[in-house]
Amino acid sequence: MIPFAFYLFAVLITGLFLVAVLSRNVLYAMTSLAAGMVLISGLFFILGADFLGVVQLIVYVGAVMGLYAFAMMFFDVSREVRETRSNPWLVFLLGGGIALMLVVMFAAPIVGDSVKALYPPVAHTTNPQAVGLVLFTKYLLPFEVASVMLLVAMIAGIILAGRKMEISLSAMDEDILPETKENA
Amino acid sequence: MMEVTYLGVIIKAILILAIISAVAGFGTYIERKILAFMQRRLGPMHVGPYGLLQIAADGIKLFTKEDFIPQNANKLIFMIAPIITAATAFIALSAVPVFPDFTIFGIFVPSVASDINIGILFVLGMMAAGLYGPLLAGMSQANKWGLIGAARTAAQFVSYEVVTGLSLLAPIMMVGSLSLIDFNHYNETHAWMVFTQPLAFVLFLIAGFAETNRTPFDLLEHEAEVVAGYATEYSGMRWGMFFIGEYANMITIAVLASIVFLGGYTDLGFIPGWLAIILKIAFMFFLMLWVRASWPHVRPDQFMWLAWKVLMPLAVINVVITGIVIMV
């Protein structure tokens, strides 16, 4: 049952991400990317990593794709996107890179057999507890660095977006608004 | 004894689909009746006794109506979008326990279709994925009102989702588990969470109203402003599916609030557990209709102001205070 589920998810994810890359329609690309993200959480569930699967759902499907969708509002979704490929060297390099990556992926099981888990999960812990134990002992420093980085990004975002924040267009008196003056 | 069979899971999945679809249909009738009584009207009266058969009439109308797809719409996405809303709402319900475990014909039946030990996060994650229904519907239909509805969906989503997660974090810290069944066991030995975490309860309710697009926050489809928002171009059963999804989400929020904050399915004095939780869910459902009858809806900028500048800081403070109390 588990190999069947894995191959089903693997084929679907690859197919959906191919659509996301190759499609010229913004809506198709966005929908298939989101669907692929949902199916990746299925892979985590197969591995018994329920917590990571749900985090994948909330963070990637909910938050990240939600922000993508917000950006997509600026495109006309009924029209196809025209891409300009000017540099043939870029195509050559990327194609070569993808071929190399495929070779590495197919060779991975040979190397993977000898890999041992450095921090195997502690017995009798649930999923979130196991993640928490490793995160707050061995990986405390990277965790804190990541949190500081996110804080910096948040403050930068507030500063970039926060100019003229005290002026609210909807709270303004209607005849002060510049557009209505022009119309009148 | 704790054996989970494929057959049992399939039966429970079908039961959830059948019962919740029926309850969603009946919910529309109850909503119209209660709103009518609160506004001193009669509501649906003509079809059947007290208008009870109105549901059947509405169902026949929805099924037989022409399934209309606008000319310039992206047809595939337009057809998929309502299915996403309905499907995610039902998948979220699969991890929600409603009744205590029971034995029928000598077979032990656990109360939840799939008891994953991170139940509460799964439900929230799946409801978060439900955002794509209105979003894709609005963007694919080549209609300005729909696009405004979709933009409001995205804006509303990033606002309330933070509050939902943070408001539930304090109860999760107190229980020390993400399993909804553990939440229920916690209620057996402790006071109801609504008394120990009143602020979290209020925040969760407000975020829940936003999550289900109920009236104070029904920005996505408010008729007076954006015609019908994301559902402008929909008709027939595809339109119906959006609303089955919305009612299923209302039930999910009601069940979550009952289990996390209102004592779940523990016995309540002389009332057995299964009856107690049905009464609680019914009360939460009624509360949503009550609020709809009593309050006007807010503007989008007011809602975002409320979510980011009031609710989120309150939720964070609540989490910090809970943490200090647990540590001391």
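**Close-up views of a predicted model**

**View 1. Cavities in the predicted model.** The structure holds two cavities of 30 Å³ or more. This is a predicted model, so every value here is computed from predicted atoms. How is such empty space found? Rolling a probe the size of a water molecule over the atoms shows where space is left. The largest cavity has a volume of about 220 Å³.

**View 2. The lining of the largest cavity.** A set of 20 residues lines the largest cavity. Which of them lie nearest its centre? They are B:Gly130, B:Pro134, B:Glu211, B:Asn213 and B:Asn249. Four helices of chain B each supply at least two lining residues: helix 3 (75-93), helix 6 (144-175), helix 9 (198-211) and helix 11 (236-261). By type, the lining residues are nine nonpolar, nine polar and two charged.

**View 3. Where chain A meets chain B.** Chain A brings 28 residues to the contact, and chain B brings 30 residues. Together the chains bury about 2,300 Å², with 78% of it on carbon and sulfur atoms. On the chain A side, A:Leu27, A:Tyr28 and A:Met73 lose the most area to chain B. These three account for 22% of what that side buries.

**View 4. Polar links and the chain A side.** How many salt bridges cross the interface of chain A and chain B? The rule finds zero. Two residue pairs are in polar contact between the chains, both at pLDDT 80 or more. In chain A, helix 2 (26-46), helix 3 (50-72) and helix 5 (127-135) each supply at least two residues of the side that touches chain B. Helix 3 of chain A gives the most, with 13 residues. That side of chain A divides into 19 nonpolar residues, eight polar and one charged.

Definitions and conventions
Residues are numbered from 1 along each chain as its sequence is written. Chains are lettered from A and ligands numbered from 1 in the order in which they are written. This is a predicted model: local features need pLDDT of at least 70, side-chain atom pairs count only at pLDDT 80 or more; totals for chains, interfaces and linings use all residues. Side-chain values use heavy atoms; hydrogens and water are left out. On a 1 Å grid over the protein atoms alone, a cavity is a set of points where a 1.4 Å probe fits but cannot get out, and a pocket is an open set with protein on both sides within 12 Å along at least five of seven lines; lining residues have an atom within 4 Å of a point. Grid points are joined across faces, edges and corners, and a volume is the space filled by probe spheres set on the points. Ala, Val, Leu, Ile, Met, Phe, Trp, Tyr, Cys and Pro count as nonpolar, Asp, Glu, Lys and Arg as charged, and the others, Gly among them, as polar. Contact means heavy atoms within 4.5 Å. Buried area is the accessible area (1.4 Å probe) that two parts lose on being put together, summed over both. A salt bridge is a side-chain nitrogen of Lys or Arg within 4 Å of a carboxyl oxygen of Asp or Glu. A polar contact is a pair of N or O atoms within 3.5 Å; within protein, one must be able to donate a hydrogen and the other to accept it, and residues adjacent in sequence count only if both atoms are side-chain atoms.
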